[in-house]
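Reader: I have a structure to go through for class. Can we take it piece by piece?
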Amino acid sequence: MKSTDTVRLSLEGVSKTFGTNTVLNGVGFAFEGGTITGLVGENGAGKSTLIRTLAGAIEPTAGEITIDGRPLPRSAKAVIDAGVSVIYQELTDIPDMSLLENVLLGNLTARGGVKRQAENRRRARAGLERVGLGQIDLGTAIRELTMAQRQLAEIARCLIRNARVLILDEPTSSLPEADVETLLHVVTDLRAQGIAILYVTHHLDELFRISDRLVVLRDGHKVAEGPTSDFDEKSLVRAMLAKDLEQAYPYRDRRLGKTVLRVENLTAAGSKGNSVTARAGEVVGLVGLAGAGRTELLRAIAGAHSVSSGSVSVDDKAVPTGSLGKALQAGIMYAPEDRKRDGLVLDGSIESNLVYGDYHGVSRWGLLNFRALARKARDVAQRYQVRMYSPSQAVGDLSGGNQQKIVVARLSEREPRVALFDDPTRGVDVGAKAGIYDRIFDLAERGTAVLVCSSDTDEVLAVADRVYVLVSGSVVAEITRDQFEREQILHLSAGGNATNGTFTS
Ligand SMILES: Nc1ncnc2c1ncn2[C@@H]1O[C@H](COP(=O)(O)OP(=O)(O)OP(=O)(O)O)[C@@H](O)[C@H]1O
Ligand SMILES: [Mg+2]
C-alpha cells in the first residue's frame, strides 16, 4: 500500500457523559494504517466506551472523530461502510451456519445467480486467506471451529467489507493460550497489509510484543501516549494505576483443615475418572492446556453436567451428582467463566445481582430491606474494588472487568463450603487481580475449600496450595506448593511424562 493512501483515524476532545457521569473526558489521539496502537487502562477507565463511540454505537457528548480528515459517520452501518470495523470480545457469529454464510453476513451480494455465488465464494475465500484460514472448507459449520478460528473468521468478515481500520476489544481474553499466538500472528500480519489497528487488552505482555504505540486512559482522561519502546511494564502500570503495583498476586500461608470436598472417579462430559480433594482453607488449582477439561471438571462437580460414574462428597456426606440444586444445597457454588451467559442478570441492578437467591441479612419478616441491601452492596463494592456510580445501577452498564468482580463477590459473600472459580480474573486489570485473590484467600481462611482454574498457569501457581494437572480430560499429576516447578508443570500439561516429585494416576 502506498503511503499516500494510508488511512488515519483521529479523535479530538472526545467526551462521553451518561447522565451526570463523565466517562470520557476530552480524549484525543490518532492512529494510522500499518501500525498497532495499544489502548490500556484500569477496569472502568473508558476503553470500551471509547470504542463504542468509534463504532457509531454511541454518540459522543462532545468532540470530533475523523477518518482521513473527514468526519466519521455517526451510525453503526455507515461507520462500517467507511472502513472501520470492531471486533468485540464476545463472538457475534452464528454457530449453526456455515463458515461461508458467516463470513458473508452483511456482505451477501444480493440475489442468487451462479455467477454471484461464485463471486461470493471467491470473496469469502480471499478474506479467510488473509487471516490464515484459507485451508478450511467453506461449508464447515461454525460450531466445529475452535474459538480462535471463529474469532479469525469474524476478522475475515470485516476484511471482506473492506475494513481499513480494525478495532479489537480484549480479543484474547476468552481465547485459550495456544490460540493467542495465532491471533497475535494474524494481527501483525494485518498491520503489514496496511490496516490501522487499535488493540485493547489487559495482557500487557501482548502489547509489548506487537504494538507500535500506546495510549493510556485513566478515569476517562488520556494520561499517557507514546511509542511502546518508551514504556516498560513498570512505567506502563504506573501510568494506568497512578501508583506502582505492589504485587501481582498475593499468597498467604493458611492453616488447612480437614478434607471438605472429595471427588472420586468422576466421569462426565469431558472429564474421565477424576479424583480430587480439597481441604478447608485450601486453594487448589487446576492446570492444563485449552481443552484439557478444567472447566468440565468444575462443572461436573457443580452438578452442571450429568455424571456417568463416580461420586462427590462434602464433609463426608454424599452429594447427588448431576444436579446444580443438590450441589448448591450441599454448599458447592460455582462461578462460571462466561459471566454474560450464565453468571449475571445484566438488566438487574448491582444490588439485586449481589443478593440473587440469598436474602439473608437484607430482609426482615420476608420483606426486602432496601437500605440494608444498598449498604451491603456498597460494602461489597468497596471491598472488591468495583467501580460503580450507584448500587442501583444495572450490572450491564458496568465495565467488563467490574462485572467479573461482581461474579466473584456474589459467590464469596455467600460463604459456600466449596467454591469453584472458573477463571475469576478474566478481563480484570493488573491492579485489581491481587484484590480478587485477596478476597478468595479471605474466604479460604474462613474455612471454605476452593478450587480455581485460570487460562494463566503462572497465576494459578502463584496462588494455589496444591495443583492438579489435567491432560485430555484426566488428572495426570498432583503437586503441592513446595514442589511447584513451572517448567515441569508446563511439560506435564503438554502431555509429557512426570519425572520426580509427582505421581501419575
Ligand atoms: N450505558 C451506560 N450507562 C452508564 N454508565 C456506563 C454505561 N456504559 C458504560 N458506563 C460506565 O462507563 C465507565 C467506563 O466503562 P468502560 O466499559 O468503557 O470501561 P473499560 O475501560 O472498557 O473497562 P474494562 O477494562 O473493565 O473493560 C464505567 O464506569 C461504566 O460503568
Ligand atoms: Mg471494556
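Author: What follows goes through a predicted model, one topic at a time.

Reader: Start with the sheet. Which strands form it, and in what order?
Author: The order is β16-β19-β20-β13-β21-β22, six strands in an open sheet with mixed pairing. At the edges are β16 (332-335) and β22 (474-480), each of which pairs on one side only. From one strand to the next, the twist averages 20 degrees.

Reader: What holds strands of a sheet together anyway?
Author: They pair through backbone hydrogen bonds, in either a parallel or an antiparallel way.

Reader: In what sense do β13 and β21 pair, and over how many bridges?
Author: Strand β13 (residues 283-288) pairs with strand β21 (residues 466-471) in the parallel sense, over five bridges. To find the spot in the viewer, look for G288, which stands opposite L470 in β21.

Reader: Which helices pack on the sheet?
Author: Helix α14 (residues 400-412) is one of them, and it touches β16 and β19 (418-422). The direction of α14 makes about 170 degrees with that of β19. Helix α17 (residues 486-493) also packs on the sheet, touching β13, β21 and β22. The direction of α17 makes about 30 degrees with that of β21.

Reader: New topic. Which residues touch the most other members of the largest nonpolar core?
Author: Those are I155, L166, I197 and Y199, in a core of 49 residues. Helix α5 supplies the largest share of this core, eight residues. Another core lies apart from it and has 32 residues, including V380 and V428.

Reader: What is L166 in contact with?
Author: Leaving aside neighbours within four places in sequence, L166 is in contact with S85, I87, I155, C158, L190, I195, A196, I197 and L198.

Reader: Back to α5. Where does Q151 sit, and is it buried or exposed?
Author: Q151 is in helix α5, which covers residues 147-160. Q151 counts as buried because its relative accessibility is 1%, and the cut-off for buried is under 20%.

Reader: What does Q151 touch?
Author: Not counting residues up to four places away in sequence, Q151 touches I87, Y88, Q89, L91, P171, L175 and L183. P171 is 20 residues from Q151 along the chain, and their C-alpha atoms are separated by 8.0 Å.

Reader: Which residues other than glycine have a positive phi?
Author: D68 is one of them, with phi near 50 degrees. D68 lies in the loop between β4 (62-67) and β5 (70-71). A242 is another case, with a positive phi of about 60 degrees. A242 is in the loop between α8 (233-241) and β11 (259-268).

Reader: Why does A242 count as partly exposed?
Author: Its relative accessibility is 47%, and partly exposed runs between the buried cut-off of 20% and the exposed cut-off of 50%. D68 is partly exposed too, because its relative accessible area is 30%.

Reader: Last one, the ligand. Which residues come nearest to ligand 1?
Author: Of the 20 residues around ligand 1, K47, T49, H202, S399 and G401 come nearest.

Reader: How far is an oxygen atom of ligand 1 from the K47 side chain?
Author: An oxygen atom of ligand 1 is 2.7 Å from an N or O atom in the side chain of K47. With D397, a backbone N or O atom lies 2.8 Å from an oxygen atom of the ligand. For G400, a polar backbone atom is 3.5 Å from an oxygen atom of ligand 1.

Technical notes: Residues are numbered from 1 along each chain as its sequence is written. Chains are lettered from A and ligands numbered from 1 in the order in which they are written. This is a predicted model: local features need pLDDT of at least 70, side-chain atom pairs count only at pLDDT 80 or more; totals for chains, interfaces and linings use all residues. Side-chain values use heavy atoms; hydrogens and water are left out. Helices (H or I, at least four residues) and strands (E, at least two) are DSSP runs, numbered from the N terminus. Buried means under 20% relative accessible area, exposed over 50%, partly exposed in between (1.4 Å probe, protein chains only). Contact means heavy atoms within 4.5 Å. Two strands pair if DSSP finds at least two bridges between them. Axes are lines fitted to C-alpha atoms, for helices over the stretch in contact, and angles run from 0 to 180 degrees between N-to-C directions. A nonpolar core is a set of buried Ala, Val, Leu, Ile, Met, Phe, Trp, Tyr and Cys residues joined through side-chain atoms within 4.5 Å. A residue is near a molecule or strand if one of its heavy atoms lies within 4 Å of it. A polar contact is a pair of N or O atoms within 3.5 Å; within protein, one must be able to donate a hydrogen and the other to accept it, and residues adjacent in sequence count only if both atoms are side-chain atoms.
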